[in-house]
Amino acid sequence: MKQHYVYRYIDNNDDKIKYIGITSRPLKQRIEEHKKNEQWEALGSWRIEYFIVDTKSQSEAWESHLIALYQTDKWYNKAK
C-alpha cells in the first residue's frame, strides 16, 4: 500500500504554521523540491512535521482542513 504524507512547515521565528502539503512520493524528495523551487523556503528557518494516511483522498481532505484551520493561504498555500 502506498503511503500518503500530510506535512506542515512551521516557521521557527514565530512558531506559526505557514504551509500545508501532501505527497505520495518520498517526503525527503518533496522537501528537496521545495528547497529548489519555492522562494519562500529560502526566507526562513523551518521545522517540518508530518503524518501518514492510507489514501490520496484522505490526504486531500486533511490538506484542505488544515489549510482552513491554520489559514496558511495567508502565506504560502495559494493554489488551494
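The structure is a predicted model, in which local features need pLDDT of at least 70 and side-chain atom pairs count only at pLDDT 80 or more, while totals for chains, interfaces and linings use all residues. Residues are numbered from 1 along each chain as its sequence is written, and side-chain values use heavy atoms, with hydrogens and water left out.

**Overall fold**

- The protein chain has 2 helices and 3 strands, where helices (H or I, at least four residues) and strands (E, at least two) are DSSP runs numbered from the N terminus.
- Read from the N terminus on, these elements follow the order β-β-α-β-α.
- The radius of gyration, taken over C-alpha atoms, is 12 Å, which agrees with the value near 12 Å for a compact globule with 80 residues, the globule rule being 2.2 Å times the number of residues to the power 0.38.
- Along its principal axes, the C-alpha trace spans about 35 × 25 × 20 Å.
- Of the 80 residues, 34% count as buried, a label that means under 20% relative accessible area, with exposed meaning over 50% and partly exposed in between (1.4 Å probe, protein chains only).

- Strand β1 (residues 4-11) and β2 pair in the antiparallel sense over 6 bridges, and two strands are said to pair if DSSP finds at least two bridges between them.
- Within this pairing, I10 stands opposite I17 in β2.
- The hairpin has 5 residues between the strands, and D15 takes a positive phi near 60°.
- Strand β2 (residues 17-23) is largely enclosed by the rest of the structure, because 6 of its 7 residues are buried.

**Aromatic residues**

- A search of the whole structure finds 11 aromatic pairs, counting rings of Phe, Tyr and Trp (its six-membered ring) whose centres lie within 6.5 Å, with planes under 30 degrees apart called stacked, over 60 edge-to-face and the rest tilted.
- One of these pairs joins W40 and W46 in an edge-to-face arrangement, at 5.4 Å centre to centre and 85° between the planes.
- W40 counts as buried at 6% relative accessibility, and W46 counts as buried at 15%.
- Ring pairs link Y7, Y9, Y19, W40, W46 and Y76 into a cluster.

**W75**

- W75 is found in the segment after α2 (56-70), and at 27% relative accessibility W75 counts as partly exposed.
- Not counting residues up to four places away in sequence, W75 touches K16, I17, K18 and Y70, where contact means heavy atoms within 4.5 Å.
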